[in-house]
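My entries follow the display.

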Amino acid sequence: FHLPGLEGARESFERAFGAEVAAEFAMTWRVASAARRKRMAILASRYDHCVQELLWRCRSGDFAVEVPFVASNHPDLGELVASFGLPYHHLPVSPATKAEQEARLLALCAAAQTDFIVLARYMQILSSGFVARYPSRILNIHHSFLPAFVGANPYRSAYARGVKLIGATAHYVTEALDEGPIIEQDVRRVTHRDDEADLVRIGREVERAVLARAVAAELEDRILVFENKTIVFE
């Protein structure tokens with residue numbers, strides 16, 4: 001909503017709202033300023049299609065957001081990210097170094113005053129401690145129409161099953177793998193003529209669109225999380 005002079009009177013408005021409305025209904029609430037550009041950190045691995053889609057939308061002005069950095073457990077996307085003039089952090093990870101690597105990621109996010117994190121095909125499972133630092137503020141794109149075909153190779157599973165629809169799901173990350181509140185989904189029709197490579201190609205197009213719509217909703221504060229579901233306002 002819009003009110004003349006609201007930004008200048010924000011503190012008094014928040015005090016009054018808290019006392020006169022929120023307290024009576026035991027509300028969990030916050031006031032978000034549409035004028036403030038959020039800060040979005042991006043984590044990725046080797047796949048470039050989702051990262052490129054996000055960065056292109058940022059540069060074109062479709063997303064009113066600041067991207068302080070892109071981080072990856074592989075060096076592959078460094079040249080792409082550099083072409084957008086953004087810092088790229090290569091942070092390798094192994095089972096033995098996972099805790100140390102996540103600590104470095106969290107330090108980067110804290111230093112950049114990150115509002116939320118996007119996993120743009122980041123092929124690592126975040127620890128429960130990492131997720132707890134950003135509750136309902138880590139978005140993931142899963143290359144499947146959840147809850148079908150969870151895990152690392154859903155296109156292979158979909159091809160083996162002979163499905164006629166494939167899709168992608170954007171959701172918030174929780175401790176339970178691929179089971180967080182769903183934000184956005186979409187599907188494409190496929191046929192018996194499509195092999196596994198075709199499914200991957202078609203699926204990547206869906207992933208890009210679904211992730212972009214989910215990020216747009218996050219940036220515009222159109223998502224409410226209730227239990228393990230979301231309400232996404234148009």
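Which residues is Ile42 in contact with, leaving aside its neighbours within four places in sequence? I listed Val51, Leu54, Leu55, Val67, Phe69, Val70, Ala71, Val118 and Ala120, where contact means heavy atoms within 4.5 Å.

Note on the source. I am working from a predicted model, in which local features need pLDDT of at least 70, side-chain atom pairs count only at pLDDT 80 or more, and totals for chains, interfaces and linings use all residues. Residues are numbered from 1 along each chain as its sequence is written, and side-chain values use heavy atoms, with hydrogens and water left out.

Entry on Ile42. I placed Ile42 in strand β1; helices (H or I, at least four residues) and strands (E, at least two) are DSSP runs, numbered from the N terminus. Ile42 has a relative accessible area of 0% and is buried. I took buried as under 20% relative accessible area, exposed as over 50% and partly exposed as in between, with a 1.4 Å probe and protein chains only. I also checked Ile42 against Ala71: the C-alpha atoms are 6.4 Å apart in space, while the two residues are 29 apart in sequence.

Entry on salt bridges. I counted 17 salt bridges in a search of the whole structure. The term requires a side-chain nitrogen of Lys or Arg within 4 Å of a carboxyl oxygen of Asp or Glu.

Entry on Arg46 and Asp76. Their side chains form a salt bridge at 3.5 Å, N to O. The pair links distant parts of the chain, 30 residues apart: Arg46 is in the loop between β1 (38–44) and α2 (49–60), and Asp76 is in the loop between β3 (70–72) and α3 (78–83). I found Asp76 partly exposed, at 44% relative accessible area.

Entry on Arg213 and Glu184. I found a salt bridge here with the closest N and O atoms 3.5 Å apart. Arg213 lies in helix α7 (residues 196–219) and Glu184 in strand β8 (residues 182–189), so the pair ties together parts that are 29 residues apart in sequence. Both ends came out as partly exposed: Arg213 has a relative accessible area of 33%, and Glu184 has 22%.

Entry on Asp198 and Arg201. The closest N and O atoms of this salt bridge are 3.4 Å apart. I located both residues in helix α7, 3 residues apart, about one turn of the helix. Arg201 is partly exposed at 45% relative accessibility. I then noted a network in which salt bridges that share partners join Glu53, Arg57, Asp62 and Arg208.
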